[in-house]
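Please look over the sequence and the 3D structure below before reading on. This briefing then goes through a few features, topic by topic, with the confidence values first.

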Amino acid sequence: MRPAPWYRSWRAYAGLVLAVAVYAYGWHVTQIRLGELWRGAPLIRPFVSALAHPDVVTREPAVQRASGAFYYGGEQPPPAVPGPGPALRLSRASGAAGARAAVHGDGFTPGRAGTLWWENQIGQRQPLAAFRTDAQGRFDATITAPDVQGTRNQIIAEVTTGYGPLRPSRTLVIVLDRMVETVFLALMGTTMGVIFAVPLSFLGARNLTGHLPAGGAVYALTRTVFNLARSIEALVLAIIFTVWVGLGPFAGVLALGVHSIASLGKLYSEAIESIDTGPIEAIMATGASTLQVIRYAVVPQIVPQFIAFTIYRWDINVRFSTVIGFVGGGGIGFVLQQYINLLQWPQAATALWMIALVVAALDYASAVVRERLV
Amino acid sequence: MSEPILRIEHLSKVYEDGTRALSDVSFEVARGEFLVIIGLSGSGKSTLLRCINRLVTPSAGRVWVDGRDVTAASRDDLREIRRGIGMVFQQFNLVRRASVLTNVLAGRLGYVPPAWSLGNYFPAPVVDRAMQNLERVGIAEKAFGRASALSGGQQQRVGIARALMQEPRIILADEPVASLDPALSHSILKYLEDLNRKDGITILCSLHFLSLARRYGTRILALKDGAIVFDGRPGDIDEARFRAIYGERAEEVEVT
């Protein structure tokens, strides 16, 4: 007899109604409002455009500068000492807010745009006027003294004559520095995981514990510890460790380490459980000692897998250590969070690109290495 | 007649799960015999071979190899007895990720100083001997490749070269051709035959096919349910005996 088509079955309709109810509730509790994607688009646009212009390189401007003093409150500035290069001459060197003065500049590069700045006693600047130097490198301007705090002011003329060579921006230097910290954070966390997981994994392998007294209990205990430790997200562990050892990469190392012990331990145990007993039997039959049997029949079977799992774990840990900084665990996540909070999108874009490139490169490298091993 | 190279008396094996693999098996093997053990799957062939080098510990009975009691041997004595007994396996049992040469050298582990071998160091004469043995089985050019890269027939030849490293007086071959293409069976068995005739190595070999057993064995031992049901020359197995070994409904097939 042919089974009835699905649309004849009441179960199909019941299932359909149930599925609709589940997804409707899910839509409700997760507060999905697709309109927000449209409404919020302008807020995220600067970030998206910053992705195309990350703050990676910068050029130092070459600036010609000359200044003259202008004091308030009746005090007279010391007379200017004439030197080589550009110079400023002021029609008056003292006065009060609102006073007008003629400024004459000389010795600048001809035909360049420049800016006149007013700088108060504590180094705060405001622009006074823009000018352009003539064919002899001179300019003339008239300024009005602004209303500022303090008495000893400077009038500064700056002409940008060109730009120096491209060099890495400050952001790039910071981000690189933190990325190195991130990669090493992952390395140390993974290493800690390996050191503890290797011996523990032998206790978590059923084929080995089977021969021990109380082996079943040892096996069950080890596996339970692995599973419990693995079920706690490393981010949560990081928060706990920042309380314990303070903010910084060490907390991150501990968090990744504990998480890695559990995951690696489980993977290693399974690798040990899956070894082929044939070679063990064959090496035993040659009259080899127990140590020789381990060296020639067991180790060659598990070491490549152990290495492959370890590289895989390091790979995951690098990815993870990029966010562990969000909770104070060190690494690039810390600066990324700062940039985002301060809406410094070009800087945030630099950090994001750095994460993407480094993680992708390590991902590729680890895949190549693992392929060769297994 | 000289002392038998192998003497087995009242050998029995009951596994922990209650399976009775061997019951009261006794026989002797003279030097230079090519003894083929036949029988259905589960008749006790593998257990019998493994009791001889104590990869399986017998439940009762005794085994003497070259006059030495295997069943009562201490750990160190057992290692020394084992290194004189080569073994070849159905699944070859090579370390697949290691090189062919390392697999062959592993056959020498019972002789070399343990500390050296743990660093994967073997004296030059041992390496030379390994190469000679690989040449003898015709795959010296594969010495530095991985064992996993070889075909089944080639892996079994590595298995034979490994056994030869032990300079064995006996080779135990547990279904050495059961995992191979039937066409390759002869090439492997001819190597064993050659070792038996030219080097005087006693061979105990379990086989599935009676035709192969007849072709290579100088003597055939048949097991059924862990007991010997036939012990004699290949020519003596007639239709009635065949049915006694393999069951009433069996039919003989040829492997050529």
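What follows covers confidence, a sheet in one chain, and the contact between two chains.

This is a predicted model, and its scores are ipTM 0.92 and pTM 0.70. Chain B contains an open sheet of 6 strands, while 19 residues of chain A are in contact with 22 residues of chain B.

**Confidence**
- For chain B the mean pLDDT is 91, and 98% of the residues of this chain reach 70 or more.
- Where pLDDT is low, the predicted coordinates should not be read in detail.

**The sheet in chain B**
- Strands of a sheet pair through backbone hydrogen bonds, and this pairing is either parallel or antiparallel.
- In the open sheet of chain B, the strands follow the order β6-β7-β8-β3-β9-β10, and their pairing is mixed.
- At the edges lie β6 (85-88) and β10 (227-232) of chain B, each of which pairs on one side only, and from one strand to the next the twist averages 15 degrees.
- The edge strand β6(B) pairs with β7 (residues 170-174) of chain B in the parallel sense, over 4 bridges, and here B:Ile85 stands opposite B:Ile170 in β7(B).

**Where chain A touches chain B**
- On the side of chain A that touches chain B, α9 (277-285) and α10 (290-321) of chain A each supply at least two residues, and the largest share, 8 residues, comes from α10(A).
- By residue class, this side of chain A divides into 11 nonpolar, 6 polar and 2 charged residues.

Terms used. Residues are numbered from 1 along each chain as its sequence is written. Chains are lettered from A and ligands numbered from 1 in the order in which they are written. This is a predicted model: local features need pLDDT of at least 70, side-chain atom pairs count only at pLDDT 80 or more; totals for chains, interfaces and linings use all residues. Two strands pair if DSSP finds at least two bridges between them. Axes are lines fitted to C-alpha atoms, for helices over the stretch in contact, and angles run from 0 to 180 degrees between N-to-C directions. Two residues are in contact if their C-beta atoms, placed from the backbone, lie within 7 Å. Ala, Val, Leu, Ile, Met, Phe, Trp, Tyr, Cys and Pro count as nonpolar, Asp, Glu, Lys and Arg as charged, and the others, Gly among them, as polar. pLDDT is the predictor's confidence in each residue, from 0 to 100.
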